[in-house]
Amino acid sequence: MPGTSLGIFWIDMMLKPIFKGLLKSPELALLAVLAVYGCIAYRCLKSAYMDS
């Protein structure tokens, strides 16, 4: 039965070339970071203020 480390390994192997290409363009890297943190902030605010 495969464990979590196997999934992390495959994600790392698939995403590493994408991240290397992304880091060659600082504008795209900044946009990606803002998108990830924006999504996290939205979920936090949604759970904090829209909880009934």
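Where is the place of Ala32? I found Ala32 in helix H2, residues 26-49. I noted the rule for naming: helices (H or I, at least four residues) and strands (E, at least two) are DSSP runs, numbered from the N terminus.

**Ground rules.** The model is predicted, so I keep local features only at pLDDT of at least 70 and side-chain atom pairs only at pLDDT 80 or more, while totals for chains, interfaces and linings use all residues. Residues are numbered from 1 along each chain as its sequence is written, and side-chain values use heavy atoms, with hydrogens and water left out.

**Whole chain.** I looked up 2 helices and 0 strands in the protein chain. Of its 52 residues, 4% count as buried. Buried means under 20% relative accessible area, exposed over 50%, and partly exposed in between (1.4 Å probe, protein chains only). The chain exposes about 5000 Å². Carbon and sulfur atoms supply 74% of that area. Accessible areas come from the Shrake-Rupley method with a 1.4 Å probe; for residues, only the protein chains shown count as cover.

**Ala32 again.** Ala32 has a relative accessible area of 28%, so I logged Ala32 as partly exposed. I also checked Leu22, 10 residues apart from Ala32 along the chain. Their C-alpha atoms are separated by 8.7 Å.

**Phe19.** Phe19 lies in helix H1, residues 4-23. I logged Phe19 as partly exposed because its relative accessibility is 46%.

**Cysteines.** I took a disulfide as a pair of cysteine sulfur atoms within 2.5 Å. By this rule I count 0 disulfides. Cys39 is in no disulfide, and the nearest cysteine sulfur, that of Cys44, is 9.6 Å away. Cys39 is partly exposed at 39% relative accessibility. Cys44 is partly exposed too, with a relative accessible area of 45%.
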